[in-house]
Amino acid sequence: MNAQLRTLDTAEATTHYEKSKLGGSGSLWRMSAIARNAFREAVRDRVLYNLVLFVLLLTAASIFIGELSGGQERKVIVDLGLSAMLLFGMFIAIFVGVGLVYKEIERRTIYAVFSKPVGRGEFLIGKYLGLCLTLLVNVLVMGVGVSVALLYVSGGWDPLIPTIWPAVLLIYLELMLLTAVALLFSSFSSPALSALLTFLTFVIGHFSADLKILAVSMGSTGARWFFTGLYYLLPNLANYSFITPAAHGRTPAAGFVLATTLYALVYIAVILAAATLIFSRRNFK
Amino acid sequence: MNEERLKSITLGLVVVVGLAGAALMVRSIDALRPPVDPNAIDESLYLNEKTARRISLGFNGLAADWYWMRSLQYVGKKIGNYEGDIRLDDLTNLNLKLLVPLLETATTLDPEFIEPYEYAAVVLQAIDVQQAIRLTEKGVNANPNAWRLCHHLGYIYWRQGQYQLASETYGRGAQIPGAPAWMEAMKAKLLSEGGSRSTAREIYTRMYEQSSDEQVREMARMHLLQLDSLDQRDGLRKLLGAYQARTGKCPESWRELEQAFRTLRIPLDQSGAPLDPSGAPYVLKAGACEVELDPKLTKIPLK
């Protein structure tokens, strides 16, 4: 039943935008239709149900953590809330991300989509944007949840509330990057392997500082070059870890946020281009 | 009843009865196990602080919180198991060998987390003063704007009787932008009258005012009560001395000094005995002209 609904949605969307005859901007509209469809699909798959778990977690933390943390409940709530945001987001990015394309192929709904004038790149980017929209809703609701928990434990306005939002933005950028990575792997690999590879990218991305240290400590020039190359080529996710400073009321400098945003956008563009390249050569027979 | 239904009921019964049996077996095994001294055994940390930081993958703040809470639970559990009087700033009898690695890990994971340093300064100074100094110094270096940590480092030196070092540390803290004026005053006070009661009062008052940790505040409050009590006992001894000089003997009961108590403004109980700051009556050592805290009733630290 769900598969049928999905087929209908995708076909409906493509037909609608085929009819719209928007010329040059038609590509954008087609991608947005696929994105909205991917978002609807995520909602139907109950992806946003993780918010319930998140709310329960924060509620429990707000009530009980004061007893355990020696008066540090505000810091713990920010750490816990933002870490849960990253963790839940990572799971969504990985497990939903790797299934975005695979499910369409598995259920053969991809044939219905490509029987319409939809490019493979448009399809891929549309799917990507749809999941990014899901993640955006997720992090926004979670950000509001953390703010409400802070209001509750402080008994009114808390100066930490505005300082968490730049960290939320950085988490979202990290999740966008991870989603792109998941999509890239899923464009040529099985979901299980893609999930594993994406998770490893997440791990390595947070170890990037160590890669640099490793490169410096290497004796041979070749190994030094290799690790330095890895440091620069792999996504540097450590730049997006601003949870701990946010819990101390620190915000990143505007220049830093701008630079990391730009880096994320460039990196996403590169990954999506690579994914499109691989996906457009893929034979579905 | 059909066979399928009977099978379901049997399986259900096996689950319920089996679980109940397993629970009962656990109880009996627990009873058979020889009791262990909770203070004698300590699990060790699986990870050292550097590895913990490396594998925290951006969740280092949360991991630091976890280690911090674990430190509190660890100390709390030890205090709970200890039979006898215990003070936060003198936990030498508790064998807190995991406290240093726990606080070390918490502060390595989140170097800006002030409370573990503060806790180390207060709790560790009696157990392992070198570690207390090292951890607090680590905090001062990682948080150059946290004058509060200089206050705590100065406190450790003061407890050790190193008034020169304590004074220098307060002076260092006073240079930090935003440090209160009393830090500079403490620098001078420690140099001129490091071991005095008024210096102790000043230090504990500031600790009580500045600390966000309830246990540290309570410890400071108890010390302030102890200082109040020391002042009261000095006053009472003067009264007892004056009574002895006047009558040639020591009073047999507090009633004999009732008039004189009014000048000291010490609250009295129904029997006329003066009350210490925790509300317990002082004990008069009849015949010796000496006053003491009641070890059974008072909440004030005896030493």
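# Notebook: helix packing, chain contact and loop residues

The model I am reading is predicted.

**Entry: chain B against chain A**

I looked up the contact between the chains. On chain B, 18 residues are in contact, and they meet 19 residues of chain A. Which elements of chain B give two or more residues to the side that touches chain A? They are α3 and α11 (214-247) of chain B. I noted that α3(B) gives the largest share of that side, with seven residues. I also sorted the chain B side by class: six residues are nonpolar, five polar and seven charged.

**Entry: α4(A) with α7(A)**

I turned to chain A and its helix pairs. Two packed helices are described by the angle between their axes and the distance between the axes. Helix α4 (residues 73-97) of chain A packs on helix α7 (residues 120-154) of chain A at an angle of about 165°, and the axes are 10 Å apart. Angles over 145 degrees count as roughly antiparallel, so α4(A) is roughly antiparallel to α7(A). The crossing of α4(A) past α7(A) is right-handed.

I listed the residues in contact. From α4(A) they include E73(A), R74(A), I77(A), V78(A) and G81(A). From α7(A) they include L131(A), T134(A), L135(A), N138(A) and V139(A). By class, the α4(A)-α7(A) contact holds 15 nonpolar, seven polar and two charged residues.

**Entry: α4(A) with α8(A)**

Helix α8 (residues 160-186) of chain A packs against α4(A) at an angle of about 20°, with the axes 8 Å apart. Angles under 35 degrees count as roughly parallel, so α4(A) and α8(A) are roughly parallel. I recorded a right-handed crossing for α4(A) past α8(A).

On the α4(A) side, the contact residues include L86(A), M90(A) and I94(A). On the α8(A) side, they include L160(A), I164(A), A167(A), V168(A) and I171(A). The class count for α4(A) with α8(A) is 16 nonpolar, four polar and two charged residues.

I checked residues of α4(A) in both lists. R74(A), V78(A), L82(A) and M85(A) are among the α4(A) residues that meet α7(A). R74(A), V78(A), L82(A) and M85(A) are also among those in the contact with α8(A).

**Entry: R108(A)**

I looked up a backbone angle next. Most residues other than glycine have a negative phi. R108(A) is not a glycine, yet its phi is positive, about 65°. Where does R108(A) lie? I found R108(A) in the loop between α5 (99-106) and α6 (109-114) of chain A. R108(A) is exposed because 11 other C-beta atoms lie within 10 Å.

**Entry: two loop residues of chain B**

I went back to chain B for E83(B). E83(B) sits in the loop between α3 (60-81) and α4 (99-109) of chain B. Is E83(B) buried or exposed? E83(B) has 5 C-beta neighbours inside 10 Å, so I marked E83(B) as exposed. I also took a distance: the C-alpha atoms of E83(B) and R33(B) are separated by 23 Å, and the two residues are 50 residues apart along the chain.

I placed N145(B) in the loop between α6 (129-142) and α7 (147-159) of chain B. N145(B) counts as exposed because it has 10 C-beta neighbours inside 10 Å.

Conventions
Residues numbered from 1 in each chain as written. Chains lettered and ligands numbered in written order. Predicted model: local features only at pLDDT ≥ 70, side-chain atom pairs only at ≥ 80, totals over all residues. Axes fitted to C-alpha atoms, helices over the stretch in contact; angles between N-to-C directions. Helix = DSSP H or I, 4+ residues; strand = E, 2+ residues; numbered from the N terminus. Parallel < 35°, antiparallel > 145°, perpendicular 65-115°, else oblique. Left-handed = near helix turned anticlockwise from the far one by under 90°. Contact = placed C-beta atoms within 7 Å. Nonpolar A, V, L, I, M, F, W, Y, C, P; charged D, E, K, R; others polar. Buried ≥ 20, exposed ≤ 12 C-beta atoms within 10 Å, placed from the backbone.
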